[in-house]
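Look at the sequence and the structure first.

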Amino acid sequence: MADKHYDVLLVQPPLSNKLRYGRLSKHGPNSIPHGLADIAAFLEKKGINVGIYDGMALSHTVEEAILEIKKLKPSIIGVSFVTPAYGVVKDLISKLRKEMPSSLIVLGGAHPTVLPKETLQEFLDVDLLVLGEGEITFYEIVKAFQEKKPYNNIDGIAYHNINNEIEITNPRQIIKNLDDIPLPAWHFLPMHVYRPTTSRYRKLPSFSLLTSRGCPMNCAFCSQTIGRQLRLMSVGKVMEQIDILAKKYGVKELIFYDSSFTLNRRHAWEICEELIRSKRNKEFSWSCETRTDMVDLELLKLMRRAGCWSIHYGVESGSQRLLNKMNKKIKLEQIEEVFNMTKKVGIHTVAFFMLGIPTETREETLKTIELAKKLKPHFAQFTITVPFPGTPLFEMAKNNGTFRADDWNGYQTWAGWKGQELIYVPEGRTTKEMMQLQQYAMKSFIMQPRIILLHLANVIRYPVLLRRYLDAFFILLEIIVKNKLSNSKQKQL
Ligand code: B12
């Protein structure tokens, strides 16, 4: 990248895994920035000289990021911004502004989309915000910049006008046909560094891809920033993506990152049928995320035949009261039934749980940990709830417990692992208690003989996992020793 020059540079800020996951940094995902890869592809097809700098994947510091960006001499810099990156983006932008005073700096992504006014007030070095899907809006901004035209006719943006007032233009219409966006511009990315969370792969390289956009479900914890309407990519385009990932990048495993891969049963069915018909299912295996009310025995059997080795279900809680509060529209009995069904057809299961939902009691957290064992998944992930802005959960958290709602630097999904206070804890509970319960959940889940044997077998079969598993083992050991020490201290007192 060193001696290249780009007119437009898309930037994934250097929110490294160390910053995001603290002690667990080796286990968090280092993911392709899908949104930026789509925008870059769209701009490239329109003849724009565009590139991507992924400071997150490269684990750079802000200073290293500035050096890299300066070398590429872009006139327009577009930075992707999720709330947990607040501090990094702020630091990056203020330094960039000093180093590159005449470049146009644009922010896009979830945070500016849900909080445009606040973002403009707090990021004075920024010229424009892109709200929602970025392809068309950002292209129109680039054209207006190059042709020295005003921005006020562009939908889906926010900015300070000449009177220094905040202007928000009409909402941008969602992209109806996903096949209008060219294939992601993977050729701009450091593809060799991407890898999923430890529990999500058995073979490398393993890459993620999307087959849809939008989700009509109304789960209280999700901020739908790219539209609620589900739009599906054609099966042909999905296969085209897979073929490039296979031929050019040697993919051995794929992950469908759609929030619910089977939301449209027919679409999932057709993708599976095509994988089987074309014998692509013999070349790699894949996993996906979905809801327990979006699968059935027939579909699961087909998915298995099509190469699906693991399904990640968002279970969230062992309390029906809290599931209802999160508007999941799922019954606990249904979850159990689907976990059994999935395992029966030979697909691994992973269960995602949220601890510390507003109003959650200690008994309910323990119920969730019990459910994790009862479901007998191959792996369980326990995350402490972070109420992101723009979600109903954010409002619920304001009315229950301790919530530093305006402390945007504190929205870290693994804060406790970095020795930080949690951004939110339900009424009557503390960061210390929640952290102990999270560690207890992990320890008691992993220490089951069934899980130990299963993962030992996994390492023997897939040696690529060895280093990660060893690291996880030492973290677990540390938790056990620390807990023992603090228990004996408490007894002495
Ligand atoms: C798949 C997914 C992931 C994947 C892949 C993410 C990726 N890098 O592409 C993984 C599991 C790795 C992931 C990680 C994280 N995720 Co996530 N993820 C999603 C999910 C389910 C779908 C996203 C999607 O469809 N992407 C497809 C592309 C096309 O959309 P996009 O990335 O948003 O990009 C479009 C626009 O946002 C915009 N845009 C984005 N950046 C920019 C930059 C510029 C300059 C411009 C002009 C436009 C623009 O244009 C893009 C193309 O149209 C959403 C839920 C949702 N409802 O959107 C959550 C979501 C985006 N994730 C979220 C979060 C918090 C995270 C993490 C911080 C979690 C963590 N523990 O670290 C990390 C951050 C990593 C990162 N910086 O991307 C939150 C963000 C909320 C917020 N206020 O910040 C969401 C909204 C879920 C939620 N809780 O509500 N995520």
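## Position of the ligand

Domain 1 (8-168) and domain 2 (195-446) both contribute residues to the shell around the ligand, so the ligand lies between them. The domain bounds come from an automatic or database domain assignment.

The model is predicted: local features need pLDDT of at least 70, side-chain atom pairs count only at pLDDT 80 or more, and totals for chains, interfaces and linings use all residues. Residues are numbered from 1 along each chain as its sequence is written.

## The shell around the ligand

Gly35, Gly78, Ser80, Gly108 and Gly134 come nearest of the 39 residues around the ligand (a residue is near if its C-beta atom, placed from the backbone, lies within 6 Å). By class, the shell has 19 nonpolar, 15 polar and 5 charged residues; Ala, Val, Leu, Ile, Met, Phe, Trp, Tyr, Cys and Pro count as nonpolar, Asp, Glu, Lys and Arg as charged, and the others, Gly among them, as polar.

At least two shell residues come from each of H2, strand S3 (76-80), strand S4 (104-108), helix H5 (110-114) and H7. H2 gives the most, with 4 residues. Helices (H or I, at least four residues) and strands (E, at least two) are DSSP runs, numbered from the N terminus.

## Packing of H2 and H7

Asp38, Ile39, Phe42 and Leu43 in H2 meet Glu135, Phe138, Tyr139 and Val142 in H7 (contact means C-beta atoms, placed from the backbone, within 7 Å). By class, this contact of H2 with H7 has 6 nonpolar, no polar and 2 charged residues.

Notes:
Contact = placed C-beta atoms within 7 Å.
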